[in-house]
Amino acid sequence: MAVATVALMAVGAPAFADHHEEAMATIDGKPNLNGIWQAMNTANWSLEPHNAQSNPVADRLLGAIGAIPAGLGVIEGGEIPYNDAAKERLEYNQSNVINYDPEAACYLPGIPRASYMPFPFQIIQGNNDDILMAYEYASANRVVHMQEVGIPPIDTWMGTSYGQWDGDTLVVTTLAQGPGLVKLPAGEMVDGVTWLDRAGNYLTNHATVVERFTKMGENHINYEVTIEDPSIYTRPWTIRMPLYRHVEENAQLLEFKCVPFSEQLLYGDLIEGQGGE
């Protein structure tokens with residue numbers, strides 16, 4: 001609770017207000033990961049290599065403004081190894097992008113997606129304590145419990161994260177990511193899964209997500225994630241990318257409380273119906 005309180009106070013405040021703390025290379029002998037970080041790639045559009053293309057639902061309204069930028073992909077080997085049964089749900093997701101994407105509805109993004117959305121996030125690391133990660137998108141956050149991996153009591157949108165140090169690398173294992181039933185546009189309820197990008201790639205609540213944060217110099221982190229989910233993948237697979245520190249003097253997390261932005265998508269039919277009465 002103390003860590004969460006500190007994090008909530010930190011969000012929206014200058015990340016480098018305490019210059020002495022930020023200048024420290026280590027904390028309790030471990031790399032100091034404090035700061036505001038952001039991925040600079042197109043992984044949130046698709047983890048796999050992809051061409052630039054029109055937006056499937058907004059090209060007539062937005063034109064090139066809403067187009068999808070090309071990306072080289074961040075997956076080791078180039079593609080996600082879905083089993084045959086899992087491809088049915090993948091095709092369902094792909095036939096309903098972007099409207100059914102949890103990001104569009106302002107649902108919590110899950111792990112690892114929260115780390116490479118086009119928004120920064122802040123790592124709050126103290127002395128011999130749990131670590132908190134606060135995200136600009138939807139004011140999401142998660143506590144990394146610095147202890148042996150345990151058994152989470154329930155499934156949640158962001159799962160439960162356990163952290164340990166492997167030398168100078170922070171290793172975070174996240175389990176039990178399960179949204180449960182979620183509301184889609186027009187009121188449809190479906191058994192939710194954690195989307196990994198806007199292309200519809202996903203994992204289930206059976207997944208084990210292992211992140212590795214390795215500081216490479218003062219201003220970037222090598223971020224590597226291995227995902228194992230035998231219910232939908234034929235083997236574990238890995239993504240890899242750098243995270244960059246925001247170094248501007250007034251670097252801070254701003255507010256992106258997106259619930260109001262999703263109301264027309266989720267409830268527009270009801271709102272229009274009320275207006276006609």
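Where is A138 found? We will get there on this tour; first, some ground rules. This is a predicted model, in which local features need pLDDT of at least 70 and side-chain atom pairs count only at pLDDT 80 or more, while totals for chains, interfaces and linings use all residues. Residues are numbered from 1 along each chain as its sequence is written, and side-chain values use heavy atoms, leaving out hydrogens and water.

**Whole chain**

Of its 277 residues, 48% count as buried, where buried means under 20% relative accessible area, exposed over 50%, and partly exposed in between, with a 1.4 Å probe and protein chains only.

Now select A138. This residue sits in the loop between β5 (131-135) and β6 (141-145). Its phi is positive, about 60°, although A138 is not a glycine. A138 is buried, with a relative accessible area of 18%.

Move on to A176, in the loop between β8 (169-175) and β9 (181-183). Here too phi is positive, near 60°, in a residue other than glycine, and A176 counts as buried at 10% relative accessibility. Most residues other than glycine have a negative phi, and most peptide bonds are trans.

**Two cis bonds**

Next, select V97 and I98, which are joined by a cis peptide bond with omega about 0°. I98 belongs to the loop between α4 and β4 (121-124). P112 lies in the loop between α4 and β4 as well, and the bond from I111 to P112 is cis, with omega near 15°.

**The largest pocket**

The pocket holds about 480 Å³ of space. On a 1 Å grid over the protein atoms alone, a pocket is an open set of points with protein on both sides within 12 Å along at least five of seven lines, a cavity is a set where a 1.4 Å probe fits but cannot get out, and lining residues have an atom within 4 Å of a point. A volume is the space filled by probe spheres set on the points, which are joined across faces, edges and corners. Helix α5 (residues 259-275) gives the largest share of the pocket lining, 3 residues.

**The largest cavity**

Finish with the largest cavity, about 90 Å³. Select R89, Y100, V182, L184 and W195, the closest to its centre of 13 lining residues.

Technical notes:
Helix = DSSP H or I, 4+ residues; strand = E, 2+ residues; numbered from the N terminus.
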